[in-house]
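Me: I'm new to this one. Could you walk me through how to read its ring pairs and charged side chains?

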Amino acid sequence: MISGIVNVYKEKGFTSHDVVAKLRGILHQKKIGHTGTLDPDAVGVLPVCLGRATKLCDMLTDQTKTYETVLLLGQVTDTQDISGMILEESKVTVNPQEVIEAILKYLGDYDQIPPMYSALKVGGKKLYQLAREGIEVERKPRRVQILDIQILKMDLPRVTMSVTCSKGTYIRTLCHDIGADLGCGGCMESLIRTQVGNFSIENSLTLKEIEEKVIKDTFLNDIMSIPDMFTHLPKVVVKRKYHKLIYNGNPFYVEHCIDETEHACQDGQVRVYDEDETFIGIFKRDDSLYVPVKMFLEP
C-alpha cells in the first residue's frame, strides 16, 4: 500500500469524490481520501492522501488556500456562479476605483453566510439538496479570514483576483457579496485553486499524468511522505528505553527525550521519532509532558 500525499490537478467536470474513485482504480488501493471539496466547475490543486496519510485529511483541510477567480459584475445567480439560474441582471456603472475599494474592504475577518448550493448540512440534509427542492433555509454567518487579495486584471464587468483565505471560505459568496456592495450584483465566472498549504499548482499532476507515472513505475517520486509534511515542527527523539511508551501512543516526559532542552514548538506541537529514526507521530507539549495528537506508526 502506498502512503503519502499526491498533489492532484483536479480538472473541470470532476468532483473531488470522482478524483478519489479514479485514483483507487489507478493505484489499486482503497485507502484514499481528499482534503476538501472543490466544485466540479473549478480546477486546480487537490491534495489527496494515500494509505496511512489519510489521517492527515483533516489537517490539510484546515490549511490556508489561494485561488484565482474571475468576478463577473452585473449578474446575480442562485448558485452565486455562472452555472446557476440568473436571478438579476444590472448595468455596471461603477468605476474601477469603486471596485477596488469594495474588494479591499474584505481583507481581514469577514462574517460570510454560506451559499444554499453547498455541501453544508442542516438537519442532516445537505444545503444543495434542499436548494434543488426549492427550499431555502436560514444559514448562520461563519467567521472566515481573507488574508490577501490581489487584483490581477480589471476589464469591467470582469475582475480577475487572487484570493488567499482561511478554510471554509466560499469564493463565489465573496464575489456575490462584492457585487451586492457595489449595487450591481456579481457572481463567480471561474475558479482556479492555485495553492493549498505547501502544495502549488505548478507541481500538480493530472489523473492521466499519474496513470502514466504508475505505468512507468515512477509515481513514488511524486509522493510527499508523511514526515515531510511536518518539517516546520521541531524534531524530538525519544530515548530507546522509553520506545514502548511512544509505540503504544502514550504520553512521555521531557526527560525521556535525548535532547532535553526547550523546544520552540508551533502551537506546542513537535514531530516525534525513536532512536532508529522511525517517525512516530505528532505530539503536543503540555508543561513537561508530551501527549499524542496524531499517530502514524505502522501497527
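Me: How many aromatic pairs does a search of the whole structure find?

Reply: Rings of Phe, Tyr and Trp (its six-membered ring) pair if their centres lie within 6.5 Å; planes under 30 degrees apart count as stacked, over 60 as edge-to-face and the rest as tilted. Here the search turns up seven aromatic pairs. Take F230 and F279: their ring centres are 6.2 Å apart and the planes sit at 25 degrees, so this pair is stacked. Before we go on, this is a predicted model, where local features need pLDDT of at least 70, side-chain atom pairs count only at pLDDT 80 or more, and totals for chains, interfaces and linings use all residues. Residues are numbered from 1 along each chain as its sequence is written, and side-chain values use heavy atoms, with hydrogens and water left out.

Me: Are F230 and F279 buried or exposed?

Reply: Buried means under 20% relative accessible area, exposed over 50%, partly exposed in between (1.4 Å probe, protein chains only). Both F230 and F279 are buried. They also belong to one aromatic cluster with Y273 and F296.

Me: What lies over the face of Y273?

Reply: A charge sits over a ring if NZ of Lys or CZ of Arg is within 6 Å of the ring centre and within 35 degrees of the ring normal. For Y273 that's K235, at 4.7 Å from the ring centre.

Me: Which side chain does the side chain of R271 make a polar contact with?

Reply: A polar contact is a pair of N or O atoms within 3.5 Å; within protein, one must be able to donate a hydrogen and the other to accept it, and residues adjacent in sequence count only if both atoms are side-chain atoms. R271's partner is the side chain of Y273, at 3.3 Å. The R271 side chain also reaches the backbone oxygen of L233 at 2.8 Å.
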